[in-house]
Amino acid sequence: MEKATVLVVDSENNVLKIIEAALGTISYDLLLAQNGREGLDQLASHSVDIVLADQTLEGMSCLDFLKAVNAGYPDVVTIMLAERVDLDTTIRAINDA
């Protein structure tokens, strides 16, 4: 069975390392990006199955990033990570992205 490719987008390097350590022990190929633009660049150059994106990205809002992923890569599963629940953003992510 082929490994799924997971793109993790988070501006905090420590979070990227933690997720990489956790998912790296499972059969996933991981791609890491520190902002939305890097994430979109990774999507343009790699086949990605799942995107994990932090709610607070630098340089581009998470909603804008997820909308761009949905528009350009509709088959990619997107998951928004959040430290604190922001109900409005969560609802907008579900409905718009």
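Predicted model: local features only at pLDDT ≥ 70, side-chain atom pairs only at ≥ 80, totals over all residues.
Visitor: Why is threonine 5 called buried?

Guide: Threonine 5, whose place is in strand β1, has a relative accessible area of 12%, and because buried means under 20%, the residue is counted as buried. Leaving aside residues up to four places away in sequence, threonine 5 touches Asp29, Leu31, Ser47, Val48, Asp49 and Ile50.

Visitor: What makes strand β3 largely enclosed by the rest of the structure?

Guide: Strand β3 spans residues 50-54, and four of its five residues are buried, so the strand is largely enclosed by the rest of the structure.

Visitor: How do you know that β1 and β3 pair, and in which sense?

Guide: Two strands pair if at least two bridges are found between them, and β1 (residues 4-9) and β3 have four bridges, in the parallel sense; one of the residues concerned is valine 9, whose bridge partner in β3 is alanine 53. By the same criterion of at least two bridges, β3 and strand β4 (residues 77-81) pair over five bridges, again in the parallel sense. In β4, valine 77 is the bridge partner of isoleucine 50, and methionine 80 is that of alanine 53.

Visitor: Why are β2 and β4 said to stand at the edges of the sheet?

Guide: The sheet is open, with four strands in the order β2-β1-β3-β4 and parallel pairing. Here β2 (28-33) and β4 each have a single partner strand, so one side of each is left without a neighbour in the sheet. Neighbouring strands of this sheet are turned by 20° against each other on average, direction ignored.

Visitor: What makes a right-handed β-α-β unit here, and where does its helix lie?

Guide: The unit is made by β3, helix α3 (residues 62-72) and β4; the term right-handed applies because, with the strands pointing away from the viewer, the path from the first strand over the helix to the second runs clockwise. Helix α3 lies across β1, β3 and β4, and runs at about 165° to β3.

Visitor: How do you know that the buried residues of helix α2 are on the same side?

Guide: In α2 (residues 36-45), the residues Gly36, Gly39, Leu40, Gln42 and Leu43 are buried. They cover an arc of only 155° around the axis, which puts them on the same side of α2. On the other side of α2, Ala44 and Ser45 are exposed, whereas the cover over the buried residues of α2 includes β1, β2, β3 and α3.

Visitor: What is found at the start of α2?

Guide: There, a side-chain oxygen of asparagine 35 reaches to within 3.1 Å of the backbone nitrogen of arginine 37.

Methods:
Residues numbered from 1 in each chain as written. Heavy atoms only, no water. Buried < 20%, exposed > 50% of the residue type's maximum accessible area, 1.4 Å probe, protein only. Helix = DSSP H or I, 4+ residues; strand = E, 2+ residues; numbered from the N terminus. Contact = heavy atoms within 4.5 Å. Axes fitted to C-alpha atoms, helices over the stretch in contact; angles between N-to-C directions. Arc of directions from axis to C-beta. Polar contact = N/O pair within 3.5 Å; in protein donor to acceptor, adjacent residues only side chain to side chain.
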